Amino acid sequence: AVVSTQSGHYGRELCALQDAYNAMCDDLADKMHCLDVDQACHSLTNQSANIGFHAGANCIKEGIVMPDAWDGHSNYNTQRAVAEMKASTALREAINNMIEQTSNDLEAQRLRTEYAFRKRIHEVQMAKDELEWQQRNTKREIDVLSDDIRGLKQAITDKDKPLEVAETRSENRTYRPRVELCRDEPHDGIIAERNDLLNTVSTLIDQHNIAEDAHTQLKQTLNRLDEDWSIKSNSLELEERCMTKRQKLLLVSHNV
């Protein structure tokens with residue numbers, strides 16, 4: 001708005017200065033013509049060829065002005081030109097000051113923007129580094145949990161044979177004849193062993209399911225981390241590209 005206002009002032013002052021210049025040129029042309037006439041009159045002598053009688057030579061011509069008016073007209077044109085030149089000089093100084101102030105404001109804004117860019121790049125880089133750290137830890141945890149799941153599966157499988165032995169023993173002892181089919185201490189021991197094995201397998205299965213759920217959640221977390229990391233990387237690349245372009249534009253402006 002300030003630049004537009006000053007531009008309007010400069011345009012009006014230019015018109016006024018041009019008018020003053022035109023008036024000076026017209027006055028100067030008239031005075032040069034008058035000087036030519038007066039010099040020609042001054043050069044006339046009794047021997048001049050172009051002398052003669054002229055009717056009404058002593059009459060006052062229409063439009064003739066008095067010396068004070070003639071002098072005032074010249075002074076007015078001169079003073080007007082001087083005033084317009086002073087006004088033009090003052091306006092140029094004001095415009096130069098405005099341009100310098102605008103340039104300073106733009107430079108200050110550029111520095112603020114540069115700081116904001118550097119701060120944002122630092123923040124994005126820190127967030128990206130944090131995501132990479134979380135990615136590494138999550139992948140490590142997934143690997144550890146995968147090993148645990150494989151161990152649980154193997155532990156469950158390893159209980160199959162002992163359970164088969166216990167159940168085979170229990171089944172075979174049912175074929176003892178008559179009174180020998182006794183609920184003796186080995187019988188109770190086999191049943192207890194079988195129940196312990198089943199409880200252990202059930203516990204292992206529960207732990208395996210819990211580990212599988214945790215494994216799934218970790219993989220989902222890793223996917224979110226990967227997606228966020230990709231976004232942060234893209235943002236960082238864009239910010240750095242913007243900074244590079246700004247530096248190139250700054251070099252061009254300085255060279256110009």
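## An exposed loop residue

A residue counts as exposed when its relative accessible area is over 50%. Arg178 has a relative accessibility of 77%, so this residue counts as exposed. The model shown here is a predicted one.

Where does Arg178 sit? Its place is the loop between α3 (160–172) and α4 (185–255). The backbone of Arg178 has a phi near 40 degrees. That is a positive value, in a residue other than glycine.

## Overall build

The protein chain has four helices and zero strands. Its pattern along the sequence is α-α-α-α. The radius of gyration is 54 Å, well over the 18 Å that the globule rule gives for 256 residues, so the protein chain is more spread out than a compact globule. The C-alpha trace spans about 185 × 30 × 25 Å along its principal axes.

What share of contacts joins residues at least 24 apart? The count takes in contacts between residues at least 6 apart in sequence. Of these, 89% join residues at least 24 apart.

## Surface and charge

How much of the protein chain is buried? Of its 256 residues, 19% count as buried. The accessible surface comes to about 19,600 Å². Carbon and sulfur atoms hold 56% of that surface.

The protein chain carries 32 positive and 44 negative charges.

The largest nonpolar core has eleven residues in all. Among them are Ile142, Leu145, Ile149, Leu152, Ala155 and Ile156. Val201, Leu204, Ala211, Leu218 and Leu222 also belong to this core. Which elements give two or more residues to the core? They are α2 (67–158) and α4. The largest share, six residues, comes from α2.

Ile149, one of the core residues, touches His208, Ala211, Glu212 and His215. That list leaves out residues up to four places away in sequence. Ala211 is also a member of the largest core. A second, separate core has five residues. Phe117, Val124, Leu236 and Met243 are among them.

Gln79 has its place in helix α2. Is Gln79 buried or exposed? Its relative accessible area is 57%, so Gln79 is exposed. Gln79 and Asp19 are 60 residues apart along the chain. Their C-alpha atoms are separated by 13 Å.

Tyr76 also lies in helix α2. Partly exposed means a relative accessible area between the buried limit of 20% and the exposed limit of 50%. Tyr76 has 48% relative accessibility, so this residue counts as partly exposed. How far apart are Tyr76 and Ser235 in space? The distance is 68 Å, C-alpha to C-alpha. In sequence, Tyr76 and Ser235 are 159 residues apart.

Conventions. Residues are numbered from 1 along each chain as its sequence is written. This is a predicted model: local features need pLDDT of at least 70, side-chain atom pairs count only at pLDDT 80 or more; totals for chains, interfaces and linings use all residues. Side-chain values use heavy atoms; hydrogens and water are left out. The radius of gyration is taken over C-alpha atoms; the globule rule is 2.2 Å times the number of residues to the power 0.38. Buried means under 20% relative accessible area, exposed over 50%, partly exposed in between (1.4 Å probe, protein chains only). Contact means heavy atoms within 4.5 Å. Accessible areas come from the Shrake-Rupley method with a 1.4 Å probe; for residues, only the protein chains shown count as cover. Lys and Arg count as positive and Asp and Glu as negative; His and the chain ends are not counted. The place of a charge is taken as NZ of Lys, CZ of Arg, CG of Asp or CD of Glu. A nonpolar core is a set of buried Ala, Val, Leu, Ile, Met, Phe, Trp, Tyr and Cys residues joined through side-chain atoms within 4.5 Å.
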